[in-house]
Amino acid sequence: MNEENLVTYYNKFNEDKRLKTKHARVEYNTAMHYINVCLSQCQTHRILDVGAGTGAYAIPLFQAGNDVHAIELVKHNLRTMQKKCPNLDAREGNAMDLSKFEDDTFDIVLLFGPMYHLISHEHKLKALNEAKRVVRETGFILISYCLNEYAIIEHGIKEGFLKQAVEKGEVDENFHVISKEDDLYSYVRIEDINKLKDEAGLTRYKIIGQDGAAEYLKREINHMDEESFACFMAYHLANCERYELLGASRHALDILRK
């Protein structure tokens, strides 16, 4: 992970508005739906949001009465989150080092940002093992990943960069994006996600196409009225666990247990 580039990026990017459009609400609503599914199976509701950004999840979960703790690498995002919700326990921190938290102390651990930006398999595995350490035996780890096929279809084909990427060796012979250590994003396939799960010794509860077709239908979804959007969300939630649809989603949401 290139921490300097990441900080520069988020100092310019308005993370606080990212999930506000209708098409982005599909990603957000899906995550909140499954967080609540997991919380319904926990006796206590102690949540650690790792890479919490500006508090898109941490703040409403805290305001709903959960015991929420948040860590964020980017100081600009952290200050925004602290200003919005001064009573939330929000601290600076890194997903690969959760040593400030004791073993087996959280019912839910959210890894919604770190796996986008941790490039190497080793760094991703380190973050996942830290989440495993601090989650309770009865708890859940929810991880969001950026998927490879969305990057190929959207940026490679629709935006016209695929031929250039092939010529520059930025994708392999199977059209898997090859992320360099100074890149901002890492793009994975389901087999990469499965390898991380297996090497961490975790068990899958569910894996979900977090935003499904939403990223390909931005214009149509953003022009929907609220009733039509609710109907689309109902369709999406009814089908987002279908395995044959997973790989085309922009994000995968993997829910794991010890």
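Predicted model: local features only at pLDDT ≥ 70, side-chain atom pairs only at ≥ 80, totals over all residues.

Modeller: Residues are numbered from 1 along each chain as its sequence is written, and side-chain values use heavy atoms, without hydrogens or water.

Colleague: Why is H2 called oblique to H11?

Modeller: Helix H2 (residues 22-39) and helix H11 (residues 226-239) pack at about 50°, with axes 11 Å apart. Under 35 degrees is roughly parallel, over 145 roughly antiparallel, 65 to 115 roughly perpendicular, and the rest oblique. Therefore H2 is oblique to H11.

Colleague: Which residues make the contact of H2 with H11?

Modeller: Contact means heavy atoms within 4.5 Å. H2 gives Lys-22, Arg-25, Val-26, Asn-29, Thr-30, His-33 and Tyr-34. H11 gives Glu-226, Phe-229, Phe-232, Met-233, His-236 and Leu-237.

Colleague: What makes a residue part of the lining of a pocket?

Modeller: A lining residue has an atom within 4 Å of a point of the pocket, an open set on a 1 Å grid where a 1.4 Å probe fits, with protein on both sides within 12 Å along at least five of seven lines. For the second largest pocket, 13 residues line it; Ile-119, His-121, Lys-124, Val-188 and Asp-192 lie nearest its centre.

Colleague: Which helix supplies the largest share of that lining?

Modeller: H9, with 3 residues. Helix H6 (121-134) and helix H9 (190-199) each supply at least two.

How values were computed
Helix = DSSP H or I, 4+ residues; strand = E, 2+ residues; numbered from the N terminus. Axes fitted to C-alpha atoms, helices over the stretch in contact; angles between N-to-C directions.
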